[in-house]
Structures are given as structure tokens and as C-alpha cells.
Amino acid sequence: MQNKDFTGYVLVGGKSSRMGKDKALLEIGGKMFLENAIDALRPACASIKVVLNKSQTHFIEKIPDDVPHIFDHFEDRGAPGGIHAALMDSETEYAIVLAVDLQSVSGEAFRKLCEIAVESKDFAAIVPRQNDERLQPLCAIYRVKDCYLKLEEILTKNESASVKNFLEKINTKIVEAEILDENQNLFLNVNNRNEYKYLINTQR
């Protein structure tokens with residue numbers, strides 16, 4: 001069920017240097033990564049936007065007509081810059097962030113994340129933890145009023161700021177991956193051609 005308190009943001013601003021081409025334009029199951037990411041967010045969000053860097057105007061025409069796009073405010077700052085752009089833009093209580101190369105995340109996982117966010121009023125962020133114990137802040141929910149100014153301050157003061165730096169400064173609720181989905185590849189990250197081939201094989 002779509003929720004008017006959530007806006008979804010697909011982050012596609014990475015340089016894709018290891019892949020050799022823009023990951024958002026890769027295909028699986030006959031659809032672009034970009035389309036799949038948007039579809040995964042649709043069950044949870046009343047609206048969805050795509051976050052680009054300013055060098056990516058070449059594929060604006062690939063974005064579905066009903067999905068607006070925005071640009072990073074802090075350029076070349078990686079994931080923190082993309083999350084900041086989402087928080088800066090959002091007019092809803094929550095911003096859901098999804099990196100375009102996380103192709104195994106389901107709409108059901110986002111639905112559960114949204115439920116947890118609504119029930120967790122004392123937390124600024126709801127962040128999954130992968131089976132390998134790593135946090136996944138690029139498939140997470142952020143409460144805008146608690147996160148936006150803190151992340152902007154971090155990016156303004158520190159040119160090498162990381163998402164880890166940000167999460168350490170806010171009240172973050174950790175959610176185990178198996179609560180969201182039983183898929184062991186839920187947070188499979190596609191950075192190079194071998195990982196892309198593996199993703200394709202897991203979908204067969």
C-alpha cells in the first residue's frame with residue numbers, strides 16, 4: 001500500500017567506473033536497472049524521484065515520464081551527496097533511498113521497512129543489516145527533519161565525509177535482513193561484470 005508520508009529516491013549518481021558503463025542502463029529480465037529500482041519502490045511510496053549527478057543528463061530520456069529527476073547539491077560526494085539530495089528535496093516525513101545497483105530488493109521488503117519506520121518514532125534512520133553484518137544505508141529510510149541538517153553540516157565541514165560518519169551522529173535503528181526478506185541475495189551489489197553475471201544467473 002502506497003504511503004503519502006514516504007517519497008522514494010533512486011540514487012544513480014555513481015561513476016560506474018568498475019562496470020565500464022552506467023549501471024542504471026544495464027538490463028535484467030528485459031528491463032533496465034533503473035526501471036526495476038523504481039518498480040521496487042512503487043508499493044511503498046506515493047511518489048518517486050531519480051537522483052542524478054550533473055554529468056548524467058544523457059539518460060534523462062530513459063526515466064519514466066511519471067518519475068521526476070533531481071541533481072546532487074554536493075557534487076562528486078558519492079553516497080552521502082545522493083542521500084543529502086533526497087533529504088533536501090523531500091516534502092514528506094520520510095525519504096526512502098535505494099541505490100540503483102541493488103536489484104534484488106523487493107517491494108515487500110520496502111513495505112516492511114516502512115512499517116518499522118512508522119513504529120519507530122524515536123529513530124532518525126531505519127537501516128538494514130546484511131547477512132555479512134554490514135549495514136546497508138543505500139536501502140534505508142530517513143526521517144527528513146532529523147537527518148537533513150545534520151548531513152548537510154557533515155558534508156559542508158568534511159570533504160571526505162562518509163555515510164558511516166553520518167549514521168554515527170544520528171539515532172539509527174538496525175533491522176536484520178531476514179526480517180525483510182528470506183532472499184540471501186537481498187542486498188547483492190552489482191559493481192562489476194562478474195557480479196552482473198552472477199545476478200543474471202540468480203534470476204534464472
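Predicted model: local features only at pLDDT ≥ 70, side-chain atom pairs only at ≥ 80, totals over all residues.
## The largest pocket

The largest pocket has a volume of about 1,100 Å³. Its lining is made up of 42 residues. Closest to the pocket centre are Lys-23, Ala-79, Ala-99, Asp-101 and Leu-138.

Helix H2, spanning residues 78–89, gives the most to the lining. The contribution of H2 is three residues.

Ser-55 sits in a loop. That loop runs between strand S4 (45–52) and strand S5 (69–71). Is Ser-55 buried or exposed? Its relative accessibility is 56%, so Ser-55 counts as exposed; the cut-off for exposed is over 50%.

Which side chain does the side chain of Ser-55 touch in a polar contact? The partner is the side chain of Asn-53, at 2.5 Å. Glu-75 lies 20 residues from Ser-55 along the chain. The C-alpha atoms of Ser-55 and Glu-75 are 9.9 Å apart.

## Helix H1

Helix H1 covers residues 33–41 and is mostly covered itself. Of its nine residues, seven are buried. Buried here means under 20% relative accessible area.

Which residues of H1 are buried? They are Phe-33, Leu-34, Asn-36, Ala-37, Ile-38, Ala-40 and Leu-41.

Terms used. Residues numbered from 1 in each chain as written. Heavy atoms only, no water. 1 Å grid on protein atoms, 1.4 Å probe; cavity = no way out; pocket = protein on both sides within 12 Å on 5 of 7 lines; lining within 4 Å. Points joined across faces, edges and corners; volume = space filled by probe spheres on them. Helix = DSSP H or I, 4+ residues; strand = E, 2+ residues; numbered from the N terminus. Buried < 20%, exposed > 50% of the residue type's maximum accessible area, 1.4 Å probe, protein only. Polar contact = N/O pair within 3.5 Å; in protein donor to acceptor, adjacent residues only side chain to side chain.
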